[in-house]
Amino acid sequence: MKALKTTSWLWIVPVALMVTLIALPAWSYLAEFDSSSFVPGTPDHWVGGVVTYQLNPASATANGNIKDQGTRSAVAVMLAAFSAWQSAPGVSLNVTRGADDNSTTHPVTTENLIAFSCSSGCNFNTDKALAVTITNTNNGVITNANIFFNQSQVLTTVSANASDTEQDMQTVATHEVGHFFGMDHSGVVGAIMFPVAPTVETQLSDDDVAGITSVYPAS
C-alpha cells in the first residue's frame, strides 16, 4: 500500500515571465498520479466521486486580506468554485458541504478543510504563491485534501474588482478545487488548471472539462 502527500500551488508571476511561459508548447490536461515512476498508475480520485468537505469561515476575516466580503462572502466564492467542477458536462461528482469548522486555528488536518488563511503546516514557500492544496492519497485514492489561501496575498471576492494589487479569489479557488479533485496542472494557457493565475478566469475551459470527465465520467 502506498500513501503519498501531494502539494499543489498556484502562482502569480511577473509579466516578463508570463510571456515566456506562453511561448512554450501547450500540453493538454493532466491528472495527478501516485506513481513515482514514468508509468502512471491509477489517477488520484475520490472513490465514486463522493466527498464531504468543511469550510472555516472565521479564517476569511482573520487577516483582512480578503476584500469586498460585504458584497460577496468568501464562502460564496468557494461554493461557486465547487459548482464549476460539479456542473461540468459529463461529470459524476457527489460533493457535500459538511458542518463548518469554527475553530480559531486552521492548520493542515485530515478533515478535508478549506480555510482562507493557514495557522500551521502550509509551508508557503514564497509570497508569490496564492494558495495551496495538500492532498493525501493511497494507491490513487484520495484520502483527504486541504485547501489554504495565502494570507500574505490580497484577494477580492468580486471578480470585477480584480487588479494588479488584488487577485480574483474565485479564479484562485476554482484552480485549487481542481487540485482537490485530483487534477494536475495543464499546459494550456487559459485553462483553469494552468499554473499561473490570470487576472480573472472562473469558467472551465474545454481542456479542464476533458480532464475532470476522464477521472469522474458520468455513466
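Analyst: **Helix packing in the predicted model**

Of the 219 residues of the protein chain, 46% count as buried, where buried means under 20% relative accessible area, exposed means over 50%, and partly exposed lies in between, with a 1.4 Å probe and protein chains only. This is a predicted model, in which local features need pLDDT of at least 70 and side-chain atom pairs count only at pLDDT 80 or more, while totals for chains, interfaces and linings use all residues. Residues are numbered from 1 along each chain as its sequence is written, and side-chain values use heavy atoms, with hydrogens and water left out.

The protein chain has 4 helices and 9 strands, taken as DSSP runs numbered from the N terminus (H or I with at least four residues for helices, E with at least two for strands). In sequence order the pattern reads β-α-β-β-α-β-β-β-β-β-β-α-α. Among contacts between residues at least 6 apart in sequence, 74% join residues at least 24 apart, a contact being heavy atoms within 4.5 Å.

Two packed helices are described by the angle between their axes and the distance between the axes. Helix H2 (residues 74–86) packs with helix H3 (residues 169–180) at an angle of about 50 degrees, their axes being 8 Å apart. That makes H2 oblique to H3, since angles under 35 degrees count as roughly parallel, over 145 as roughly antiparallel, 65 to 115 as roughly perpendicular and the rest as oblique. The axes are lines fitted to C-alpha atoms, for helices over the stretch in contact, and the angles run from 0 to 180 degrees between N-to-C directions. The crossing of H2 and H3 is right-handed, that is, the near helix is turned clockwise from the far one by less than a right angle.

On the H2 side, the residues that meet H3 include Ala 74, Val 77, Met 78, Phe 82 and Trp 85, and their partners in H3 include Met 169, Ala 173, Val 177 and Phe 180. The residues of this contact divide into 12 nonpolar, 3 polar and no charged, with Ala, Val, Leu, Ile, Met, Phe, Trp, Tyr, Cys and Pro counted as nonpolar, Asp, Glu, Lys and Arg as charged, and the others, Gly among them, as polar.

Helix H2 has a further neighbour, as the buried residues of H4 pack against H2. Helix H4 (residues 206–215) is mostly covered, with 7 of its 10 residues buried, among them Asp 207, Asp 208, Val 209 and Ile 212.
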